[in-house]
Amino acid sequence: MKRIDGLSWLRGCGLCALLVSLIAVSGCGGGSSSLGSSETATGYASERLPDSLPLADSQMQTAAAPTATAVDGKALNCPQVVAWPNERLRTAYQSGHDGDQMFVVNRGEITKLSRECRFYGGRVVVKYGFAGRVLLGPKGSPGTVTLPVSVRAADAYKSTLAQDKMSVPVTVPAGQTAGYFSMVREISFPIQVGTRLEDYKVFVALK
């Protein structure tokens, strides 16, 4: 099965509201969300969770981070966490039918982002969270879908400062056409003297 990134489409009798926190995710009932062949998904690029949303330590998987000292504390500003429109969607097609909407197996999408950060004497630790869903296509069936996620921290010159990769399992229950997921992790990188925390970005991508 070959997967192709890109914007795709939605079909169904209407989308259930995605009520997601990064502590727990609840899905739509009755299998009312599905992929179709004529509608295009739009508007996800600006959809965010509030920056002040608390992130659950119980779900945190920690990347390398420095040890805090007595003068360390929560940063007043924080690097942005970004998922570009063409990188927050991932479509899987039935083998041999790439690009054919009638042979879509599933599509994964990131719909929510949040972050908080702390400054540790020359380094920043960003605790970031993302949430989303997997929608079944005409050739899809319930089960577990694994979404590859790539994360990259960069400075104002787009130089890579740190990277992270993970596989996110998403279960589409029997009788349903959508499954939901959330993840909270940390990434740490150095801050150059004379720069601002908001000059840095953390990019999240399905790839």
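Buried residues, meaning those under 20% relative accessible area with a 1.4 Å probe and protein chains only, make up 46% of the 207 residues in this protein. The model is predicted, so local features need pLDDT of at least 70 and side-chain atom pairs count only at pLDDT 80 or more, while totals for chains, interfaces and linings use all residues. Residues are numbered from 1 along each chain as its sequence is written, and side-chain values use heavy atoms, with hydrogens and water left out.

The accessible surface, from the Shrake-Rupley method with a 1.4 Å probe, comes to about 10,100 Å², and 51% of that belongs to carbon and sulfur atoms.

Let us turn to the fold. The protein has 13 strands and zero helices; both are DSSP runs numbered from the N terminus, a strand having at least two residues and a helix (H or I) at least four. Contacts are heavy atoms within 4.5 Å. Among contacts between residues at least 6 apart in sequence, 75% join residues at least 24 apart.

Strands E10 (residues 143-154) and E13 (residues 201-206) run antiparallel and are joined by six bridges. Ala154, for instance, has Lys201 in E13 as its bridge partner.

Finally, consider Arg107, in strand E8 (residues 104-120). Is Arg107 buried or exposed? Arg107 is buried, because its relative accessible area is 0%.

Definitions and conventions
Buried means under 20% relative accessible area, exposed over 50%, partly exposed in between (1.4 Å probe, protein chains only). Two strands pair if DSSP finds at least two bridges between them.
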